[in-house]
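This report goes through selected features of one protein model. The sequence and structure come first, and the notes follow.

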Amino acid sequence: MNDTEYMQRALELASRGRHATRPNPMVGAVVVRDGHVVGEGWHQQAGGPHAEVFALHAAGERARGATLYVTLEPCSHTGKTPPCADLIIRCGIQRVVCAMQDPFGEVNGEGIRRLQAAGIRVTVGVLEKDARYLNRGYLSVIQRHRPYIVGKWAMTLDGKTATAGGESQWITGTSSRIDAHRLRARADAVAVGIGTVLADNPRLTVRHGDTSRQPLCVVWDTYARIPLLSRLLQERAEEIVVLVGRECNPDKQAAIRATGATVVALPLSAAGRIDTESALQALATKWAVQVLMVEGGAALLGELLDWDCLDEIVTYIAPTAFGGTEAKGATAGKGVIRLAEARRYTIADIARCGSDVRLTYTRAREEDICSQD
């Protein structure tokens, strides 16, 4: 096996910590000596030992002279656990292979420098793209102070998400809907605007794939219009966060809170809508949301697009066409005036879901590239 294969194994281990490590990143580690894996580990939960600790403990004395593969730069500061860089040095590791540098302010290259100062050879950048995607939510919170946002919708061949009469269930087939549930399961939170709640009365639960946990559900509801008898408040109020405007009727806010849901009052934008930056920062800081999946409606998706906050777009395209100028599209908002202002995305994946096609696009951003010293 080579560096790439060992790092792939470390990434597989890291993914086991999904949802349990927030606000920390997912990290995996593999110790290799003389071509044999002698220790493995992953960060299992926030506040607990880091991946390197588990891997080095499993390796024991066999770690001396070995190579450590780790998906993120070892930490160099004392937080809830001691610095991993110091442990690596004490264990006699000869070489460290990191997928990527950690942009967290108290690390940000210091772990690498400490290892090098101790005479350890360090290689950075093996499967970096994969490592960055695995921890895209963590990186977004660190670098942009908001979650990584995935916009998801289903549409026809001619780009419609509902008929002129407002019908949208179901545009795509069963395979696409099951696949969308699997995507939903990977998110920390799912968000919709109040228009979607009023029109569709959704549950927004994971019913296919990994159902061991349900993502937090967030409703953008400037004037607290969510019906008290909606499925969200009747069936899972304790998992619901309703974002309202600060000047919203306090009696309406109290009524929603009485169902068990959480109500957060936020400042309004000049357009009279919930301030996007405040909402996203609240989700990142209060609920440690790293990956937010936005499933509608057009007003919320359009506003996030206007703010250039849609980091990834997943769209399911059905082999149908509605036509009509009154049929709905995926996004609203102000939009752009000039073609040069358009948001540019890169195709990341194409998959067939029954008779539908799933397209995944990611937004390329300059700050996503971690500079190396």
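Ile350 is exposed, with 58% relative accessible area; exposed means over 50%, buried under 20%, and partly exposed in between (1.4 Å probe, protein chains only). The model is predicted: local features need pLDDT of at least 70 and side-chain atom pairs pLDDT 80 or more, while totals for chains, interfaces and linings use all residues. Residues are numbered from 1 along each chain as its sequence is written, and side-chain values use heavy atoms, without hydrogens and water.

Ile350 sits in strand β13, residues 345–353. Together with Ile347 and Val357, Ile350 makes a nonpolar surface patch of about 260 Å². Such patches take residues with over 30% relative accessible area and no salt bridge, with nonpolar side chains joined within 5 Å and like charges within 9 Å.

Strand β13 also belongs to an open sheet of 9 strands with mixed pairing, in the order β10-β9-β8-β7-β11-β6-β12-β14-β13. Its edge strands are β10 (262–266) and β13, each pairing on one side only. From one strand to the next, the twist averages 20°. Strands pair if DSSP finds at least two bridges between them; helices (H or I, at least four residues) and strands (E, at least two) are DSSP runs numbered from the N terminus.

Helix α10 (residues 250–258) lies across both strands, at about 150° to β10. Angles run from 0 to 180 degrees between N-to-C directions, with axes fitted to C-alpha atoms, for helices over the stretch in contact.

Ser176, in helix α7 (residues 174–186), is buried at 1% relative accessibility. Leaving out residues up to four places away in sequence, Ser176 touches Tyr316, Cys353 and Asp356, where contact means heavy atoms within 4.5 Å.

There are 19 salt bridges in the structure, each defined as a side-chain nitrogen of Lys or Arg within 4 Å of a carboxyl oxygen of Asp or Glu.

| Arg33 | Asp34 | 3.9 Å |

Arg358 is buried at 13% relative accessibility, whereas Asp349 is partly exposed at 31%. Arg114 lies in helix α4 (residues 110–117) and Asp86 in helix α3 (residues 84–90), so this pair ties together parts 28 residues apart in sequence.

Methods: Areas by Shrake-Rupley, 256 points an atom, 1.4 Å probe, with all protein chains shown as cover.
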